Amino acid sequence: MPNLSKKGDIMIGGIFPVFNKQEDLNASYETIPPSVTCVGFDLRAFRWTQMMMFAIDEINKDNSLLPNISLGYQIYDSCASPTNSLRAALTQLNGQKQEVSEAECYPRLSAVIAESGSSQSIAIAGVLGPFHMPMVSYFSTCACLSNKIKYPTFFRTVPSDYHQAKALASLVKHFGWSWVGAIQSDNDYGRNGLQAFSEEVQKIGVCISFIGTILRTYPRSKILRVVETIKQSSTRVILAFVPEGDLYPLMKEIVIQNITGIQWIASEAWVTAARPSTPEIFQSFGGAVGFATRKMAIPNLRDVLLNIRPSCDPGTVFVNDFWETIVGCNPCVKPGTVSSIACKGDQTVEQSQHPFFNVTELRVTYNVHKAVYAIAHALHSLIFCEKGNRNDRTKQCINISQIEPLQVNDHLKKVNFVNSFGETVFFDENGDPPPTYDIINWQLVGEKVEHVTVGYFNADGLHINEENIIWSTGSKTVPTGVCSDICSLGKRKAQIKGKPSCCFDCIPCADGTIANITGAADCTPCLGAYWSNDAKDRCVPKEIEFLSYQETMGMTLTALSLMGACLAFAVMLVFLYFRHTPIVKSNNSELSSLLLLSLLLCFLCPFLFIGQPTVPSCMLRHTAFGLTFALCISCVLGKTMVVVTAFRARLPNNNVARTFGPVQQRIIVCSCTAVQVLICFLWLTLKPPFPQQNFKLSNRKIVLECNSGSEVAFYAVLAYIGLLSGVCLMLAFLARKLPDNFNEAKFITFSMLVFCAVWITFIPAYVSSPGKYTVTVEIFAILSSTFGLLTCIFAPKCYIILIKPEKNTKKHVMGKLSTKHL
């Protein structure tokens, strides 16, 4: 295998993907691994090899780190292939072939710096582990390599994908992207990295629209299938967790098909890569944002790179490929060769502006530098030990010929030093460095694609300056990455069957519930005395409802009550003024006055029902109503009995009229009213009515009403009034055909019919009426029945008194039927 080597007292191995691989796709994996052809010289990886050589030369010139001890190296090309990486590692472990002379033999390796790809590192670490050979990777990020049980001798100077996945998830969350696509490489780096990312974003409710898998060795048909998936997907934000070499074929197809408008999220494997950072690729990948390891400038390295000279010496492998890539000619081919252009001898790289020579923003190259120095510090702590006095010089405690890889591995675990760039280098218990990333944004400056640092991520979290980002749209407006637009205030998410949780419909909240934040998963019910407003984004106090004096219905009932009270009072005045006339005398003025007084009180009862319910008004409204009507019907009953007894008095030998005088009438009225007084007293004493807020009748309103306290007492009051009116109706009906010109019994019969009809209708209407309409129905029943009594009993008398005074005589009142009826 071609290699770069230099003999030293202690040897360090190096494995780098200087060339890319091209596998034989016709080979069968069931027999032997496919053969690999190394094609495409990788300038980036070649610079890594030069960095390793440069760092070792630095250390050899440093008398404080490893004094009087020289480091050597053996650097092999892996061709970005796990198979070749394993072959290179085994070659380094086995040493030189037997035919090589003893003078040319190299000391055995103490450590290996490898590899860039995670799949290659997994292959190497699995072999080096049993031999206790320490291995330091500069670019393998798979979190699986942190498993110290499987890979006990693995270290790295690049953070693991566990931290990168958390960083990418933080980035997605920061910009509100919940619907993203994903591209992974068909290797350990891509699969493990995307799995870690998926686990992180699931915690924050982000959905992955699709997962495309690519590899640099895939046929074009497979790449085109991934391109078609991208075109058909609704997401405009795509994460590519892919190494540069695997992503580049997809990039070219996307550019060919002119797919634009996608916001790409880059993993550290390609976000700062030079090959895709061209204006051509920028058409579709401009504005890409991702994470990269911290950059560092190594000024002295530029001179080393500029001094690389071509040579036809077989020992200087890779140099001619480098020269042909940079200059465009090969110094070791004869003129006329078809495959390469022969150099004329005057080519130079002294004034080259190629990005290869830019050493101001080195990232992976700097990780190689740290890897070499970490091994050197581990060797220093192994070989040298300190005396008791801190200022004393170090002395050698172990002979370099006795160094075992396991010892180097143990001291690598304790590495902790500040390098010449002021950065502290150490490994945690998993052999990983602390998570520190730069946030990179692709921007086009003139005709050059630049990787602009717009923030950073560390153990403290994400720190980003959005003002410095130019997105894929060419503006500073953050692109959207959602399957469904976020639900506005007053709406909630409704999952769409068969689709991920990030795809949903937004439906308005139901009445009584609100969503006062955007993107609400559920609506929050309004509690107690609150209800949702029309926009369903705020709970507002419910409307208070009761029958008030200010509304039309309240004013109408108030006017009717006052009118009825005035009529009753007017009738009282008429009866008082005409108290000496036959009609007034014949109608028992005492009972009539008491009846008019009770009717007046009945007309005033509605004032206890109108207005906001209070404890006194609730206690009085039904009891006052019950007592006044009981008094009223008792008076009517007394008048009815007077009429009936008067009729009976006309019969021969009947002395009833003599025994049913004013005293007996008063007793009847008082005793009948006393029963109602007792019922109301027990009601108010045992379980009185009280005001309450009714939330059940209406969702939007709080109905203020009077709770009857005892339904039994309430219906007992009504039943007793009904009993009195029923007895009164029956007696009046029996006396309806008395042969007087002025038949009192007829009027009482009509009044009781009206009264009973009103209250029989009242009960179902009362039960079925909601809220304040219950009170309205009750007031209407009170007024209707009262007007009925007043009209039927007293209207005919007032008509005679006021309109037909000629009939207000004793003869007319007591007259018999006309002669033709005799």
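A residue is called buried when its relative accessible area is under 20%, exposed when that area is over 50%, and partly exposed in between, with a 1.4 Å probe and protein chains only. The structure shown is a predicted model, in which local features need pLDDT of at least 70 and side-chain atom pairs count only at pLDDT 80 or more, while totals for chains, interfaces and linings use all residues. Residues are numbered from 1 along each chain as its sequence is written, and side-chain values use heavy atoms, with hydrogens and water left out.

Y76 lies in strand β5 (residues 71-77), strands being DSSP runs of E with at least two residues, numbered from the N terminus. With a relative accessible area of 5%, Y76 is buried. Leaving aside residues up to four places away in sequence, Y76 touches M1, P2, N3, G14, I15, F16, A88, T91 and Q92, where contact means heavy atoms within 4.5 Å. The C-alpha atoms of Y76 and L4 are 6.7 Å apart in space, although the two residues are 72 apart in sequence.

F16, one of the residues that Y76 touches, leads on to the aromatic rings. Rings of Phe, Tyr and Trp (its six-membered ring) pair if their centres lie within 6.5 Å, and planes under 30 degrees apart count as stacked, over 60 as edge-to-face and the rest as tilted. By this rule there are 34 aromatic pairs. Among them, F16 and Y138 are stacked, at 5.0 Å centre to centre and 25° between the planes. This pair links F16 in strand β2 (residues 10-16) with Y138 in the loop between β7 (135-137) and β8 (154-156), 122 residues apart. Both F16 and Y138 are buried.

Technical notes. Helices (H or I, at least four residues) and strands (E, at least two) are DSSP runs, numbered from the N terminus.
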